[in-house]
Amino acid sequence: MHENSLIKARGLSRAFGPFLAVDGLSLDVGKGEVLGFLGPNGAGKTTSMKMLTGFLPATAGDVEICGIDIKKNPVAARRHLGYLPEGAPLYDDMTVDAFLHFIARARGLAGDAADRACQRAARAVNLLSVLGQPIDTLSKGYRRRVGLAQAIVHDPDVLILDEPTDGLDPNQKYEVRRLIEQMAPHKAILISTHVLEEVEALCTRAVIIDRGRIVADGTPSELKSRSRYHHALMIEIDEKDAAQSRAALADLPGLSDIEQLDGHGLSRLTLFPEKGGDILDAARQRLGDQGIMIRQISLEAGRLDDVFRALTHNDLEQTRISTTEDAA
Ligand SMILES: Nc1ncnc2c1ncn2[C@@H]1O[C@H](COP(=O)(O)OP(=O)(O)OP(=O)(O)O)[C@@H](O)[C@H]1O
């Protein structure tokens with residue numbers, strides 16, 4: 001994969017004064033890959049993306065876009081690159097069409113080629129109906145789409161999108177995800193997001209970053225298999241049967257723990273097997289013997305949010321740690 005990587009970063013770091021916001025980040029993204037960049041607020045995602053696109057100089061490390069060093073040859077590298085920055089700065093008093101033409105010109109396109117490129121980009125993100133409208137009269141969702149259109153106007157090989165669906169309504173989110181899916185086979189795409197369902201739906205790989213460092217890198221299924229819910233057995237029964245069910249399952253061979261969640265007259269029991277254990281048939285048999293009606297039964301693939309929480313720190317946690325330290 002490394003020979004074909006269109007985005008290549010090695011040992012990328014960025015300090016702000018004494019604070020190390022990104023600490024030795026290395027990654028490769030190949031053609032056809034959509035890499036999800038995940039991490040809590042302040043983990044270093046935006047800072048990393050700014051360094052990958054050459055908008056922020058790295059304190060240390062190297063970036064190559066399509067094999068071109070972004071530090072040594074920024075103009076040539078950026079020709080292959082489309083970037084949607086966080087809260088995309090746009091020229092508010094321009095119309096959408098004028099803005100896209102302005103970007104096209106900056107990308108070296110002129111005449112018919114520029115017209116065609118602007119039309120294609122505007123069509124791809126459903127902007128054709130507002131082409132003549134000044135950008136400052138557009139809703140947040142439309143402005144985000146203008147940001148996306150400017151990123152793809154020159155049909156780049158590499159797309160780096162900072163929270164592309166942020167601020168969009170569910171329909172617009174769906175449209176943007178579809179657009180990314182359509183472009184994916186021909187490009188290397190890196191997106192940052194806080195929406196974990198988006199990662200499962202869209203990304204071929206995900207990297208979790210915490211405090212400037214990569215703490216996980218794998219396909220969504222690989223990451224989910226690191227969750228404690230991987231291979232857990234979920235059984236849904238009527239709430240009135242919960243106590244009897246738990247008693248029947250309590251000494252099931254191979255069972256290490258049970259969680260219970262009640263609501264709307266139903267109880268959801270999650271049974272955690274001992275490592276590598278298979279308790280599905282035995283659990284079903286025990287409940288059957290007791291005449292308990294099973295509403296639903298399934299094996300879990302694992303939960304991305306659970307892995308995310310286990311691997312990252314959050315502000316609340318930091319507050320708690322410092323309070324404990326203060327008290328000590
Ligand atoms: N110009 C700057 N000067 C000082 N500190 C900065 C600067 N830019 C970013 N930081 C700090 O670097 C850290 C990483 O910020 P960054 O914006 O990359 O995080 P992020 O993962 O994108 O967060 P979010 O999910 O909130 O967008 C934060 O602690 C932030 O305050």
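Helices are DSSP runs of H or I with at least four residues, numbered from the N terminus. In this predicted model, helix 1, residues 45–52, gives the most to the shell around the ligand, contributing three residues. The domain assignment of the protein chain gives domain 1 (5–218) and domain 2 (232–300), and the centres of domain 1 and domain 2, taken over C-alpha atoms, are separated by 45 Å.

**Ligand surroundings**

- The residues that surround the ligand are Phe 16, Ala 21, Gly 39, Asn 41, Gly 42, Ala 43, Gly 44, Lys 45, Thr 46 and Thr 47.

- Four strands form an open sheet in the order 2-1-4-5, and their pairing is antiparallel.
- Strand 2 (19–30) and strand 5 (68–69) each have a single partner strand and stand at the edges, so one side of each is left without a neighbour in the sheet.
- Two bridges join strand 4 (residues 60–65) to strand 5 in the antiparallel sense.
- Glu 64 has Asp 69, in strand 5, as its bridge partner.
- In general, the strands of a sheet pair through backbone hydrogen bonds, either parallel or antiparallel.

**Helix 11**

- Leu 304, Val 307 and Phe 308 are buried in helix 11 (residues 304–311).
- These residues lie on the same side of helix 11 because they cover an arc of only 100° around the axis.
- An α-helix has 3.6 residues a turn, so residues three or four places apart point the same way.
- The elements that cover the buried residues of helix 11 include strand 3 (34–38), helix 7 (196–202), strand 9 (205–210), strand 10 (213–218) and helix 8 (220–224).

Notes
Residues numbered from 1 in each chain as written. Predicted model: local features only at pLDDT ≥ 70, side-chain atom pairs only at ≥ 80, totals over all residues. Near = placed C-beta within 6 Å. Domains from an automatic or database assignment. Buried ≥ 20, exposed ≤ 12 C-beta atoms within 10 Å, placed from the backbone. Arc of directions from axis to C-beta. Contact = placed C-beta atoms within 7 Å. Pairing = 2+ DSSP bridges.
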